[in-house]
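Open the model in your viewer and show the whole chain as a cartoon.

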Amino acid sequence: MYAKRTHNHSLDRTIMPDHLQISAILEDATRRLATVSDSARLDAELLLARAIDMPRSYLFAHPDEALDELAAARFDAALERRLAGEPMAYITGVREFWSLELMVTPATLVPRPETELLVDLALREIPRHADSDVLDLGTGSGAIALAIAKERPLSRVTATDISAEALEVARQNARQLEIPNIEFIAGDWTQPVRERTFNVIVSNPPYVCSGDDALDALHCEPRSALTAGEDGLDAIRILARDCGALLKPGGVLLIEHGAEQRDGVAATLQEHGWSDIACHTD
């Protein structure tokens with residue numbers, strides 16, 4: 001008699017629930033974020049990629065992979081912050097502007113793509129192959145000043161801000177991007193540079209009216225960098241009054257302002273003797 005003894009082997013494996021799989025997490029997060037974001041799917045992907053410390057491409061290549069508990073907890077915490085209206089840039093700590101990856105914190109405004117027009121207009125006034133003195137007033141994260149300094153390495157860029165916290169963010173951005181032709185000075189608008197003159201002055205000052213309903217959606221960003229009195233022109237009045245004395249002959253002042261403020265800004269500039277006033281729509 002021949003008998004073969006058999007053994008039953010069992011494979012011990014853990015089957016993760018479907019709701020922890022990358023594809024399911026993204027679907028659920030996208031649905032929830034649609035109530036607070038115009039880019040819900042992208043937000044979900046960026047938050048999840050950050051939670052697992054992998055590039056976004058990893059999510060597309062591994063849709064059935066499940067998150068471990070620690071990664072899931074990190075994602076849930078970040079998702080709740082976004083659902084509460086916190087900008088993606090504050091959650092991830094970075095924002096791209098003019099192809100530069102900038103560190104941002106709640107001490108600074110989140111740089112907007114529309115402000116790249118201000119950079120573009122400034123660059124048209126700054127020669128590529130000659131030195132030039134450029135001033136950025138209220139620099140925040142340093143976005144405008146750093147973009148200009150990067151594109152015009154022969155220029156000398158000075159950036160001011162009244163916020164020491166914002167200036168530290170800007171300085172760190174300059175260090176990380178290795179942009180040397182820039183200096184940061186603490187002070188209120190033109191106060192720290194009143195003994196100097198510049199070829200070009202740029203500024204993205206606060207210009208939101210203090211009672212504007214739009215501020216509700218911007219509650220995470222520094223109010224002092226957003227609002228400027230009842231009509232939103234208080235900061236622009238200061239610039240119109242003080243910047244003329246800082247410009248070299250033939251110099252240019254470039255200011256970002258609200259879409260409905262064109263006439264008010266032009267009138268303010270005219271009151272202080274400015275000429276050749278033009279408005280560019282972003």
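How many helices and strands does the chain have? Colour by secondary structure: there are 10 helices and seven strands in this predicted model.

Now show the C-alpha trace of the chain. Along the principal axes, its C-alpha atoms fill a box of roughly 115 × 45 × 30 Å. The radius of gyration is 25 Å, while a compact globule of 282 residues would have one near 19 Å. Contacts between residues at least 6 apart in sequence are next; 63% of them join residues at least 24 apart.

The accessible area is about 15800 Å², and carbon and sulfur atoms account for 49% of it. Select the charged side chains: 27 are positive and 46 negative, with the centres of the two sets 6 Å apart.

Hide the surface and go inside, where 44% of the 282 residues count as buried. In soluble globular proteins, nonpolar side chains tend to be buried together. Select L146, I148, I182, F184 and L254: within the largest nonpolar core, which has 29 residues, these touch the most other members. Elements supplying at least two residues each to this core include α6 (116–125), α8 (164–177), β5 (182–186) and β7 (247–255). The most comes from α7, which gives seven residues.

Centre on L254 and leave aside its neighbours within four places in sequence. What remains in contact with L254 is L118, L121, A122, V200, I201, V202 and S203.

Finally, select L33, A40, I52 and L79. These are among the 22 residues of a second, separate core.

Terms used
Residues are numbered from 1 along each chain as its sequence is written. This is a predicted model: local features need pLDDT of at least 70, side-chain atom pairs count only at pLDDT 80 or more; totals for chains, interfaces and linings use all residues. Side-chain values use heavy atoms; hydrogens and water are left out. Helices (H or I, at least four residues) and strands (E, at least two) are DSSP runs, numbered from the N terminus. The radius of gyration is taken over C-alpha atoms; the globule rule is 2.2 Å times the number of residues to the power 0.38. Buried means under 20% relative accessible area, exposed over 50%, partly exposed in between (1.4 Å probe, protein chains only). Contact means heavy atoms within 4.5 Å. Accessible areas come from the Shrake-Rupley method with a 1.4 Å probe; for residues, only the protein chains shown count as cover. Lys and Arg count as positive and Asp and Glu as negative; His and the chain ends are not counted. The place of a charge is taken as NZ of Lys, CZ of Arg, CG of Asp or CD of Glu. A nonpolar core is a set of buried Ala, Val, Leu, Ile, Met, Phe, Trp, Tyr and Cys residues joined through side-chain atoms within 4.5 Å.
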